[in-house]
Amino acid sequence: MADVALITGGGNGIGRAVALKFAAEGIAVVVADWEADAAENTCAEIRSRGGDAHAVRADVRRAGEVKDAVARVLDRRGRLDILANIAGGSFYRKRLEELAWPEWKEVLDINLKGTFLFCREAAPAMIRQKRGRIVNTASNYGVTGSALRTPYSAAKAGVIGFSKSLALELAPHVLVNVVAPGPTDTPRVMEGWDPELRQKRAAEIPLGRNGRPEDIAEAFYFLSSPASAQITGQTLHVNGGWLMP
Amino acid sequence: MTAMRLKGKSAVVTGAAQGIGRAIALGLARAGANVAVADLQRDKAEDVAAEARNFDVTAIAVQTDVANEESVANLARQALGRFERVDILVNDAGIFPQARVTEMTEEIWDRVLDVNLGGNFLCCRAFVPSMRAQKSGRIISIASGIAHTGAVAGAHYAASKAGIVGFIKALAREVGPDGVTANAVCPNIINTELPRSHRTPAELHERLIRNPLGYAMQPEDLVGTVLFLAGDAASYITGQAINVNCGTVMI
(Lines give C-alpha, C1' and ligand atoms only; values in the text may rest on other atoms or scores of the structure.)
Protein backbone atom coordinates (compact mmCIF):
# COMPACT_ATOMS: atom_id res chain seq x y z
CA MET A 1 0.00 0.00 0.00
CA ALA A 2 1.23 3.50 -0.82
CA ASP A 3 2.38 5.77 1.97
CA VAL A 4 -0.03 8.56 2.83
CA ALA A 5 1.31 12.10 3.29
CA LEU A 6 -0.50 15.13 4.65
CA ILE A 7 0.98 18.42 3.45
CA THR A 8 -0.14 21.68 5.01
CA GLY A 9 0.15 24.80 2.90
CA GLY A 10 0.07 22.49 -0.11
CA GLY A 11 -1.86 24.91 -2.27
CA ASN A 12 1.03 27.18 -3.15
CA GLY A 13 4.78 27.65 -3.24
CA ILE A 14 6.94 25.17 -1.39
CA GLY A 15 3.96 23.14 -0.16
CA ARG A 16 2.73 22.67 -3.69
CA ALA A 17 6.19 21.59 -4.88
CA VAL A 18 6.39 19.07 -2.03
CA ALA A 19 2.95 17.68 -2.90
CA LEU A 20 3.97 17.25 -6.55
CA LYS A 21 7.30 15.62 -5.61
CA PHE A 22 5.70 13.19 -3.16
CA ALA A 23 3.01 12.24 -5.66
CA ALA A 24 5.66 11.68 -8.35
CA GLU A 25 7.33 9.25 -5.93
CA GLY A 26 4.13 7.23 -5.60
CA ILE A 27 2.98 8.65 -2.29
CA ALA A 28 -0.76 9.26 -1.81
CA VAL A 29 -1.05 12.94 -1.02
CA VAL A 30 -3.53 14.90 1.04
CA VAL A 31 -3.23 18.62 0.38
CA ALA A 32 -4.33 20.83 3.27
CA ASP A 33 -4.70 24.54 2.79
CA TRP A 34 -6.92 27.32 4.06
CA GLU A 35 -7.45 28.29 0.44
CA ALA A 36 -9.66 25.45 -0.76
CA ASP A 37 -9.26 26.42 -4.42
CA ALA A 38 -5.47 26.35 -4.23
CA ALA A 39 -5.54 22.92 -2.58
CA GLU A 40 -7.90 21.61 -5.25
CA ASN A 41 -5.69 23.05 -7.94
CA THR A 42 -2.62 21.19 -6.61
CA CYS A 43 -4.65 17.96 -6.47
CA ALA A 44 -5.90 18.43 -10.03
CA GLU A 45 -2.30 18.87 -11.21
CA ILE A 46 -1.26 15.69 -9.37
CA ARG A 47 -4.15 13.68 -10.82
CA SER A 48 -3.39 14.97 -14.33
CA ARG A 49 0.08 13.43 -13.90
CA GLY A 50 -1.44 10.12 -12.80
CA GLY A 51 -0.95 10.63 -9.05
CA ASP A 52 -3.29 10.14 -6.14
CA ALA A 53 -4.38 13.24 -4.21
CA HIS A 54 -7.28 14.74 -2.34
CA ALA A 55 -7.73 18.10 -0.63
CA VAL A 56 -8.83 19.13 2.84
CA ARG A 57 -9.49 22.68 3.94
CA ALA A 58 -8.06 23.69 7.28
CA ASP A 59 -6.90 26.83 9.04
CA VAL A 60 -3.84 25.59 10.92
CA ARG A 61 -4.52 28.05 13.77
CA ARG A 62 -7.82 26.43 14.72
CA ALA A 63 -7.53 23.31 16.83
CA GLY A 64 -10.98 22.07 15.85
CA GLU A 65 -10.30 22.37 12.13
CA VAL A 66 -6.93 20.63 12.46
CA LYS A 67 -8.46 17.78 14.44
CA ASP A 68 -11.20 17.36 11.84
CA ALA A 69 -8.74 17.47 8.97
CA VAL A 70 -6.58 14.70 10.41
CA ALA A 71 -9.64 12.63 11.32
CA ARG A 72 -10.92 12.92 7.75
CA VAL A 73 -7.54 11.79 6.38
CA LEU A 74 -7.56 8.74 8.64
CA ASP A 75 -11.18 7.95 7.74
CA ARG A 76 -10.51 8.11 4.05
CA ARG A 77 -6.98 6.68 3.83
CA GLY A 78 -6.83 4.49 6.93
CA ARG A 79 -3.33 5.65 7.82
CA LEU A 80 -0.94 8.59 7.90
CA ASP A 81 2.76 7.99 7.27
CA ILE A 82 4.13 11.46 6.58
CA LEU A 83 3.18 14.89 7.91
CA ALA A 84 4.81 17.88 6.23
CA ASN A 85 3.97 21.13 8.02
CA ILE A 86 4.61 23.81 5.44
CA ALA A 87 1.82 26.37 5.98
CA GLY A 88 3.55 29.55 7.10
CA GLY A 89 4.83 32.92 6.18
CA SER A 90 6.30 36.12 7.58
CA PHE A 91 3.33 38.31 6.49
CA TYR A 92 4.55 41.58 8.04
CA ARG A 93 7.67 43.68 7.66
CA LYS A 94 7.45 45.98 10.66
CA ARG A 95 9.59 47.30 13.46
CA LEU A 96 8.83 45.75 16.81
CA GLU A 97 7.32 48.91 18.28
CA GLU A 98 4.85 49.08 15.39
CA LEU A 99 3.68 45.49 15.71
CA ALA A 100 0.17 44.97 17.04
CA TRP A 101 -0.44 42.07 19.41
CA PRO A 102 -2.87 40.41 16.96
CA GLU A 103 -0.21 40.62 14.24
CA TRP A 104 2.35 38.96 16.51
CA LYS A 105 -0.21 36.26 17.38
CA GLU A 106 -1.07 35.69 13.74
CA VAL A 107 2.54 35.00 12.73
CA LEU A 108 3.24 32.83 15.77
CA ASP A 109 0.01 30.89 15.36
CA ILE A 110 0.35 30.13 11.68
CA ASN A 111 4.02 29.15 11.81
CA LEU A 112 4.40 27.57 15.24
CA LYS A 113 1.06 26.78 16.82
CA GLY A 114 -0.20 25.29 13.55
CA THR A 115 2.80 22.97 13.53
CA PHE A 116 2.08 21.97 17.14
CA LEU A 117 -1.60 21.33 16.43
CA PHE A 118 -1.00 19.17 13.36
CA CYS A 119 1.74 17.20 15.13
CA ARG A 120 -0.50 16.64 18.14
CA GLU A 121 -3.33 15.28 16.02
CA ALA A 122 -1.14 13.18 13.69
CA ALA A 123 1.20 11.64 16.26
CA PRO A 124 -1.24 9.12 17.81
CA ALA A 125 -1.86 7.43 14.45
CA MET A 126 1.87 7.29 13.72
CA ILE A 127 2.60 5.85 17.17
CA ARG A 128 -0.11 3.22 16.60
CA GLN A 129 1.37 2.34 13.24
CA LYS A 130 4.87 2.28 14.78
CA ARG A 131 5.87 4.26 11.72
CA GLY A 132 5.84 7.89 10.82
CA ARG A 133 7.77 10.88 9.58
CA ILE A 134 7.15 14.47 10.51
CA VAL A 135 8.96 17.20 8.60
CA ASN A 136 8.44 20.76 9.82
CA THR A 137 9.48 24.01 8.15
CA ALA A 138 11.79 26.56 9.70
CA SER A 139 13.77 29.25 7.92
CA ASN A 140 17.29 30.58 7.91
CA TYR A 141 15.78 33.55 9.74
CA GLY A 142 14.99 31.27 12.67
CA VAL A 143 18.75 30.99 13.15
CA THR A 144 20.09 34.36 11.99
CA GLY A 145 17.20 36.63 12.86
CA SER A 146 16.02 39.31 10.46
CA ALA A 147 15.23 42.97 11.00
CA LEU A 148 11.49 43.66 10.60
CA ARG A 149 10.67 39.99 11.04
CA THR A 150 10.81 39.50 14.81
CA PRO A 151 7.69 37.33 15.09
CA TYR A 152 8.66 35.18 12.11
CA SER A 153 12.19 34.63 13.46
CA ALA A 154 10.79 33.75 16.88
CA ALA A 155 8.28 31.34 15.38
CA LYS A 156 10.81 29.60 13.16
CA ALA A 157 13.39 29.26 15.95
CA GLY A 158 10.48 27.88 17.94
CA VAL A 159 9.79 25.26 15.28
CA ILE A 160 13.38 24.03 15.60
CA GLY A 161 13.24 23.75 19.40
CA PHE A 162 9.80 22.19 19.31
CA SER A 163 10.87 19.60 16.74
CA LYS A 164 13.90 18.47 18.76
CA SER A 165 11.74 17.87 21.82
CA LEU A 166 9.11 16.08 19.77
CA ALA A 167 11.81 13.90 18.16
CA LEU A 168 12.75 12.70 21.66
CA GLU A 169 9.13 12.13 22.62
CA LEU A 170 8.18 10.19 19.49
CA ALA A 171 11.35 8.05 19.20
CA PRO A 172 11.94 5.32 18.21
CA HIS A 173 9.26 4.74 15.56
CA VAL A 174 8.38 8.27 14.52
CA LEU A 175 11.10 10.60 13.23
CA VAL A 176 10.83 14.38 13.42
CA ASN A 177 13.04 16.73 11.42
CA VAL A 178 13.05 20.26 10.05
CA VAL A 179 13.80 21.74 6.65
CA ALA A 180 15.07 25.31 6.78
CA PRO A 181 14.86 26.96 3.36
CA GLY A 182 16.88 30.03 2.54
CA PRO A 183 15.71 32.68 0.07
CA THR A 184 13.36 30.75 -2.20
CA ASP A 185 11.58 32.00 -5.29
CA THR A 186 7.97 31.20 -4.46
CA PRO A 187 5.23 33.24 -6.14
CA ARG A 188 4.52 35.04 -2.85
CA VAL A 189 8.17 35.95 -2.30
CA MET A 190 8.64 36.99 -5.92
CA GLU A 191 5.72 39.39 -5.61
CA GLY A 192 7.24 41.17 -2.63
CA TRP A 193 10.79 41.48 -3.95
CA ASP A 194 12.34 44.22 -5.96
CA PRO A 195 14.02 42.30 -8.83
CA GLU A 196 17.24 44.24 -8.37
CA LEU A 197 17.36 43.34 -4.70
CA ARG A 198 16.71 39.71 -5.56
CA GLN A 199 19.62 39.67 -7.94
CA LYS A 200 21.86 41.29 -5.36
CA ARG A 201 20.86 38.64 -2.85
CA ALA A 202 21.51 35.85 -5.35
CA ALA A 203 25.03 37.17 -5.84
CA GLU A 204 25.65 36.72 -2.10
CA ILE A 205 24.73 33.04 -2.26
CA PRO A 206 27.71 30.72 -2.88
CA LEU A 207 25.75 28.70 -5.44
CA GLY A 208 24.80 31.96 -7.18
CA ARG A 209 21.03 31.71 -7.30
CA ASN A 210 17.97 31.80 -5.09
CA GLY A 211 16.34 28.52 -4.13
CA ARG A 212 13.48 27.03 -6.11
CA PRO A 213 10.51 25.35 -4.49
CA GLU A 214 11.69 22.12 -6.18
CA ASP A 215 15.05 22.30 -4.34
CA ILE A 216 13.23 22.44 -1.03
CA ALA A 217 10.85 19.66 -2.04
CA GLU A 218 13.79 17.29 -2.57
CA ALA A 219 14.86 17.83 1.05
CA PHE A 220 11.33 17.12 2.29
CA TYR A 221 11.30 13.93 0.27
CA PHE A 222 14.72 12.84 1.56
CA LEU A 223 13.59 13.31 5.17
CA SER A 224 10.43 11.31 4.44
CA SER A 225 12.19 8.43 2.70
CA PRO A 226 13.97 5.27 3.90
CA ALA A 227 17.31 6.93 3.03
CA SER A 228 17.06 9.05 6.20
CA ALA A 229 15.91 6.34 8.64
CA GLN A 230 18.61 7.26 11.19
CA ILE A 231 18.04 11.01 11.10
CA THR A 232 15.85 12.59 13.77
CA GLY A 233 15.76 15.91 15.60
CA GLN A 234 17.84 17.58 12.88
CA THR A 235 17.48 20.72 10.80
CA LEU A 236 18.47 20.49 7.15
CA HIS A 237 19.34 23.89 5.69
CA VAL A 238 18.67 24.20 1.95
CA ASN A 239 19.98 27.60 0.98
CA GLY A 240 22.74 27.35 -1.59
CA GLY A 241 25.32 28.01 1.12
CA TRP A 242 23.79 31.33 2.20
CA LEU A 243 23.81 30.16 5.81
CA MET A 244 26.07 27.48 7.29
CA PRO A 245 25.12 27.32 10.97
CA MET B 1 14.05 7.05 -6.76
CA THR B 2 15.79 4.91 -9.33
CA ALA B 3 18.42 2.43 -8.21
CA MET B 4 20.92 3.54 -10.86
CA ARG B 5 20.68 7.28 -10.34
CA LEU B 6 24.46 7.81 -10.41
CA LYS B 7 25.01 5.89 -13.65
CA GLY B 8 27.91 7.36 -15.59
CA LYS B 9 29.31 9.29 -12.59
CA SER B 10 32.68 8.57 -11.06
CA ALA B 11 33.60 8.71 -7.39
CA VAL B 12 36.68 8.59 -5.20
CA VAL B 13 36.26 7.30 -1.65
CA THR B 14 39.14 7.49 0.83
CA GLY B 15 39.38 5.09 3.73
CA ALA B 16 37.31 2.73 1.63
CA ALA B 17 38.94 -0.60 2.52
CA GLN B 18 36.73 -1.08 5.55
CA GLY B 19 33.96 0.34 7.71
CA ILE B 20 32.06 3.42 6.63
CA GLY B 21 34.23 4.08 3.57
CA ARG B 22 33.73 0.55 2.26
CA ALA B 23 29.96 0.77 2.71
CA ILE B 24 29.89 4.11 0.89
CA ALA B 25 32.07 2.87 -1.99
CA LEU B 26 29.80 -0.14 -2.46
CA GLY B 27 26.68 2.03 -2.11
CA LEU B 28 27.93 4.38 -4.83
CA ALA B 29 28.74 1.40 -7.07
CA ARG B 30 25.29 -0.05 -6.47
CA ALA B 31 23.85 3.32 -7.59
CA GLY B 32 25.82 3.01 -10.82
CA ALA B 33 28.92 5.12 -10.12
CA ASN B 34 32.46 4.06 -10.98
CA VAL B 35 34.60 4.10 -7.85
CA ALA B 36 38.22 4.50 -6.87
CA VAL B 37 38.78 2.70 -3.58
CA ALA B 38 41.57 4.60 -1.83
CA ASP B 39 43.12 3.22 1.32
CA LEU B 40 46.45 2.53 2.99
CA GLN B 41 45.50 -1.17 3.09
CA ARG B 42 46.14 -2.30 -0.47
CA ASP B 43 44.79 -5.89 -0.29
CA LYS B 44 41.56 -4.94 1.43
CA ALA B 45 41.09 -2.07 -1.02
CA GLU B 46 41.48 -4.54 -3.90
CA ASP B 47 38.81 -6.76 -2.32
CA VAL B 48 36.37 -3.84 -2.08
CA ALA B 49 37.05 -2.82 -5.69
CA ALA B 50 36.39 -6.41 -6.79
CA GLU B 51 33.13 -6.40 -4.84
CA ALA B 52 32.13 -3.07 -6.43
CA ARG B 53 32.64 -4.54 -9.91
CA ASN B 54 29.74 -6.92 -9.17
CA PHE B 55 27.52 -3.88 -9.76
CA ASP B 56 28.75 -3.62 -13.33
CA VAL B 57 30.82 -0.47 -12.81
CA THR B 58 34.51 0.27 -13.23
CA ALA B 59 36.31 0.10 -9.90
CA ILE B 60 39.97 0.52 -9.07
CA ALA B 61 41.94 0.24 -5.85
CA VAL B 62 44.63 2.82 -5.18
CA GLN B 63 46.91 2.47 -2.21
CA THR B 64 46.83 5.93 -0.65
CA ASP B 65 48.12 7.75 2.41
CA VAL B 66 45.83 10.78 2.50
CA ALA B 67 48.35 12.63 4.67
CA ASN B 68 51.03 12.35 2.00
CA GLU B 69 51.06 14.85 -0.86
CA GLU B 70 52.76 12.53 -3.34
CA SER B 71 50.41 9.69 -2.52
CA VAL B 72 47.32 11.89 -2.97
CA ALA B 73 48.71 13.24 -6.25
CA ASN B 74 49.05 9.64 -7.40
CA LEU B 75 45.43 8.94 -6.39
CA ALA B 76 44.28 11.90 -8.51
CA ARG B 77 46.37 10.72 -11.49
CA GLN B 78 45.01 7.17 -11.25
CA ALA B 79 41.36 8.18 -10.79
CA LEU B 80 41.32 10.95 -13.40
CA GLY B 81 43.33 8.77 -15.76
CA ARG B 82 40.94 5.87 -15.50
CA PHE B 83 37.59 7.69 -15.29
CA GLU B 84 38.50 10.92 -17.17
CA ARG B 85 36.43 12.86 -14.66
CA VAL B 86 35.66 12.64 -10.97
CA ASP B 87 32.19 13.83 -9.97
CA ILE B 88 32.13 12.79 -6.33
CA LEU B 89 34.84 12.87 -3.66
CA VAL B 90 34.07 11.22 -0.33
CA ASN B 91 36.64 11.96 2.37
CA ASP B 92 36.28 9.19 4.91
CA ALA B 93 39.85 8.21 5.84
CA GLY B 94 40.31 8.75 9.54
CA ILE B 95 41.98 7.40 12.66
CA PHE B 96 41.17 7.60 16.37
CA PRO B 97 43.95 6.41 18.67
CA GLN B 98 42.56 7.26 22.10
CA ALA B 99 44.66 9.50 24.34
CA ARG B 100 43.94 12.01 27.07
CA VAL B 101 45.39 15.46 26.50
CA THR B 102 47.79 15.22 29.43
CA GLU B 103 49.20 11.96 28.07
CA MET B 104 49.00 12.87 24.39
CA THR B 105 52.28 12.88 22.52
CA GLU B 106 52.95 15.38 19.78
CA GLU B 107 53.29 12.44 17.36
CA ILE B 108 49.75 11.22 18.08
CA TRP B 109 48.38 14.75 17.79
CA ASP B 110 50.12 15.35 14.47
CA ARG B 111 49.09 12.03 12.99
CA VAL B 112 45.38 12.46 13.85
CA LEU B 113 45.28 16.03 12.54
CA ASP B 114 47.30 15.16 9.45
CA VAL B 115 45.17 12.17 8.47
CA ASN B 116 41.70 13.33 9.50
CA LEU B 117 41.90 17.01 8.60
CA GLY B 118 45.03 17.33 6.45
CA GLY B 119 43.75 14.43 4.34
CA ASN B 120 40.62 16.45 3.58
CA PHE B 121 42.75 19.39 2.51
CA LEU B 122 45.09 17.38 0.29
CA CYS B 123 42.32 15.34 -1.36
CA CYS B 124 40.09 18.37 -1.98
CA ARG B 125 43.03 20.31 -3.37
CA ALA B 126 43.79 17.44 -5.72
CA PHE B 127 40.26 17.04 -7.10
CA VAL B 128 38.78 20.56 -6.98
CA PRO B 129 40.54 21.84 -10.14
CA SER B 130 38.94 19.22 -12.38
CA MET B 131 35.55 19.70 -10.68
CA ARG B 132 35.82 23.45 -11.29
CA ALA B 133 36.74 22.87 -14.92
CA GLN B 134 33.72 20.64 -15.46
CA LYS B 135 31.51 23.10 -13.51
CA SER B 136 30.15 20.37 -11.27
CA GLY B 137 31.26 18.23 -8.39
CA ARG B 138 30.24 16.90 -5.01
CA ILE B 139 32.53 16.81 -2.01
CA ILE B 140 31.26 14.88 0.98
CA SER B 141 33.38 14.59 4.11
CA ILE B 142 32.67 12.24 6.98
CA ALA B 143 33.03 14.27 10.16
CA SER B 144 31.58 13.21 13.51
CA GLY B 145 29.13 14.23 16.20
CA ILE B 146 32.22 14.45 18.41
CA ALA B 147 32.96 17.69 16.53
CA HIS B 148 30.05 19.13 18.53
CA THR B 149 30.21 17.18 21.80
CA GLY B 150 33.88 16.37 22.30
CA ALA B 151 34.90 13.03 23.81
CA VAL B 152 37.16 11.95 26.65
CA ALA B 153 40.51 10.79 25.24
CA GLY B 154 39.46 12.30 21.93
CA ALA B 155 40.55 15.95 21.97
CA HIS B 156 42.68 15.48 18.85
CA TYR B 157 39.86 13.63 17.10
CA ALA B 158 37.29 16.29 18.10
CA ALA B 159 39.60 19.05 16.89
CA SER B 160 40.15 17.29 13.57
CA LYS B 161 36.45 16.59 13.01
CA ALA B 162 35.33 20.10 14.03
CA GLY B 163 38.10 21.27 11.74
CA ILE B 164 36.54 19.33 8.87
CA VAL B 165 33.22 21.11 9.42
CA GLY B 166 34.90 24.53 9.35
CA PHE B 167 37.01 23.55 6.36
CA ILE B 168 34.02 22.30 4.38
CA LYS B 169 32.08 25.52 5.01
CA ALA B 170 34.95 27.67 3.76
CA LEU B 171 35.50 25.39 0.78
CA ALA B 172 31.78 25.51 -0.05
CA ARG B 173 32.06 29.29 -0.38
CA GLU B 174 35.15 29.00 -2.58
CA VAL B 175 33.81 26.40 -5.00
CA GLY B 176 30.10 27.26 -4.99
CA PRO B 177 30.29 29.71 -7.92
CA ASP B 178 31.68 26.86 -10.04
CA GLY B 179 28.78 24.55 -9.31
CA VAL B 180 30.64 22.39 -6.78
CA THR B 181 29.04 21.62 -3.42
CA ALA B 182 30.81 20.59 -0.22
CA ASN B 183 29.04 19.08 2.77
CA ALA B 184 29.87 17.05 5.84
CA VAL B 185 28.07 14.08 7.34
CA CYS B 186 28.31 13.67 11.10
CA PRO B 187 27.61 10.21 12.47
CA ASN B 188 28.01 9.21 16.08
CA ILE B 189 29.20 5.76 17.04
CA ILE B 190 28.84 3.17 14.29
CA ASN B 191 29.54 -0.54 14.41
CA THR B 192 32.90 -0.59 12.63
CA GLU B 193 36.37 -2.01 13.21
CA LEU B 194 37.34 1.14 15.09
CA PRO B 195 35.00 0.96 18.12
CA ARG B 196 35.11 -2.85 18.02
CA SER B 197 38.85 -2.72 18.59
CA HIS B 198 38.67 -1.56 22.19
CA ARG B 199 35.37 -2.92 23.55
CA THR B 200 33.85 -6.28 24.40
CA PRO B 201 30.86 -7.18 22.19
CA ALA B 202 28.47 -6.55 25.11
CA GLU B 203 30.00 -3.17 25.91
CA LEU B 204 29.90 -2.24 22.27
CA HIS B 205 26.25 -3.19 21.83
CA GLU B 206 25.21 -1.26 24.93
CA ARG B 207 27.10 1.76 23.67
CA LEU B 208 25.73 1.49 20.11
CA ILE B 209 22.07 1.46 21.16
CA ARG B 210 22.42 4.36 23.61
CA ASN B 211 20.45 6.83 21.46
CA PRO B 212 16.82 7.98 21.19
CA LEU B 213 16.02 5.41 18.49
CA GLY B 214 17.68 2.55 20.44
CA TYR B 215 19.24 1.45 17.17
CA ALA B 216 22.78 0.19 16.59
CA MET B 217 24.04 2.04 13.54
CA GLN B 218 25.86 0.06 10.86
CA PRO B 219 28.17 1.55 8.19
CA GLU B 220 25.48 1.01 5.55
CA ASP B 221 23.21 3.46 7.39
CA LEU B 222 25.20 6.43 6.08
CA VAL B 223 24.81 5.42 2.44
CA GLY B 224 21.35 6.99 1.98
CA THR B 225 22.55 10.42 3.08
CA VAL B 226 25.73 10.21 0.99
CA LEU B 227 23.76 9.20 -2.13
CA PHE B 228 21.34 12.06 -1.48
CA LEU B 229 24.20 14.58 -1.25
CA ALA B 230 25.91 13.05 -4.30
CA GLY B 231 22.80 13.22 -6.48
CA ASP B 232 20.83 15.88 -8.30
CA ALA B 233 18.31 16.20 -5.48
CA ALA B 234 20.85 18.00 -3.28
CA SER B 235 22.14 20.46 -5.87
CA TYR B 236 21.10 23.44 -3.69
CA ILE B 237 22.60 22.13 -0.44
CA THR B 238 26.14 23.22 0.39
CA GLY B 239 28.22 24.05 3.44
CA GLN B 240 26.07 21.94 5.73
CA ALA B 241 26.99 19.38 8.37
CA ILE B 242 24.26 16.77 8.46
CA ASN B 243 23.86 14.71 11.60
CA VAL B 244 22.99 11.06 10.98
CA ASN B 245 22.98 9.79 14.53
CA CYS B 246 19.58 8.47 15.62
CA GLY B 247 18.96 11.72 17.49
CA THR B 248 22.03 11.52 19.75
CA VAL B 249 23.08 15.11 19.05
CA MET B 250 20.70 17.78 17.75
CA ILE B 251 22.68 20.85 16.87
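**Stop 1: where the chains meet.** Start by colouring chain B and chain A separately. Between them they bury about 2800 Å², with 63% of that on carbon and sulfur atoms. Bear in mind that you're looking at a predicted model. Chain B brings 32 residues to the contact and chain A brings 37 residues.

**Stop 2: a residue at the chain contact.** Stay in chain B and pick Gln240(B), in the loop between H9 and strand S7 (241-244). Is Gln240(B) buried or exposed? Its relative accessibility is 4%, so it counts as buried, the cut-off being under 20%. Show what Gln240(B) touches, leaving aside neighbours within four places in sequence: from chain A you get His237(A), Asn239(A), Leu243(A), Met244(A) and Pro245(A), and from chain B there are Ala182(B), Asn183(B) and Ala184(B). Then try a distance: Gly166(B) is 74 residues away from Gln240(B) in sequence, yet their C-alpha atoms are 9.9 Å apart.

**Stop 3: an enclosed helix.** Hop over to chain A and select helix H9, residues 213-222. Eight of its ten residues are buried, so the rest of the structure largely encloses this helix. Those buried residues are Pro213(A), Asp215(A), Ile216(A), Ala217(A), Ala219(A), Phe220(A), Tyr221(A) and Phe222(A). What covers them? Among the elements of chain A, look for helix H1 (13-24) and strands S4 (82-85), S5 (132-137), S6 (174-181) and S7 (235-238). Helix H9 (223-230) of chain B is part of the cover too.

**Stop 4: two helices side by side.** Still in chain A, show H3 (residues 63-77) and H4 (residues 101-129). Their axes come within 8 Å and cross at roughly 30 degrees. H3(A) and H4(A) are therefore roughly parallel to each other, and their crossing is right-handed. On the H3(A) side, select Ala63(A), Val66(A), Lys67(A), Ala69(A), Val70(A) and Leu74(A); they meet Leu117(A), Phe118(A), Arg120(A), Glu121(A), Ala122(A), Ala125(A) and Arg128(A) in H4(A). Sorted by class, this contact has nine nonpolar, no polar and four charged residues.

Stop 5: Back in chain B, click on Ala126(B), which is in helix H4 (residues 106-134). With 24% relative accessibility, Ala126(B) counts as partly exposed. Setting aside neighbours within four places in sequence, Ala126(B) contacts Val72(B) and Ala76(B).

Stop 6: Most residues other than glycine have a negative phi, and most peptide bonds are trans. Here are some exceptions to look up. Asp56(B) isn't a glycine, but has a positive phi of about 65 degrees. You'll find Asp56(B) in the loop between helix H2 (42-53) and strand S3 (59-63) of chain B, and it counts as exposed at 67% relative accessibility. Ala153(B) isn't a glycine either, and has a positive phi of about 65 degrees. Ala153(B) is in the loop between helix H5 (146-149) and helix H6 (155-175) of chain B, but it counts as buried, at 16% relative accessibility.

Technical notes: Residues numbered from 1 in each chain as written. Chains lettered and ligands numbered in written order. Predicted model: local features only at pLDDT ≥ 70, side-chain atom pairs only at ≥ 80, totals over all residues. Heavy atoms only, no water. Axes fitted to C-alpha atoms, helices over the stretch in contact; angles between N-to-C directions. Helix = DSSP H or I, 4+ residues; strand = E, 2+ residues; numbered from the N terminus. Parallel < 35°, antiparallel > 145°, perpendicular 65-115°, else oblique. Left-handed = near helix turned anticlockwise from the far one by under 90°. Contact = heavy atoms within 4.5 Å. Nonpolar A, V, L, I, M, F, W, Y, C, P; charged D, E, K, R; others polar. Buried < 20%, exposed > 50% of the residue type's maximum accessible area, 1.4 Å probe, protein only. Buried area = accessible area lost by both parts, 1.4 Å probe.
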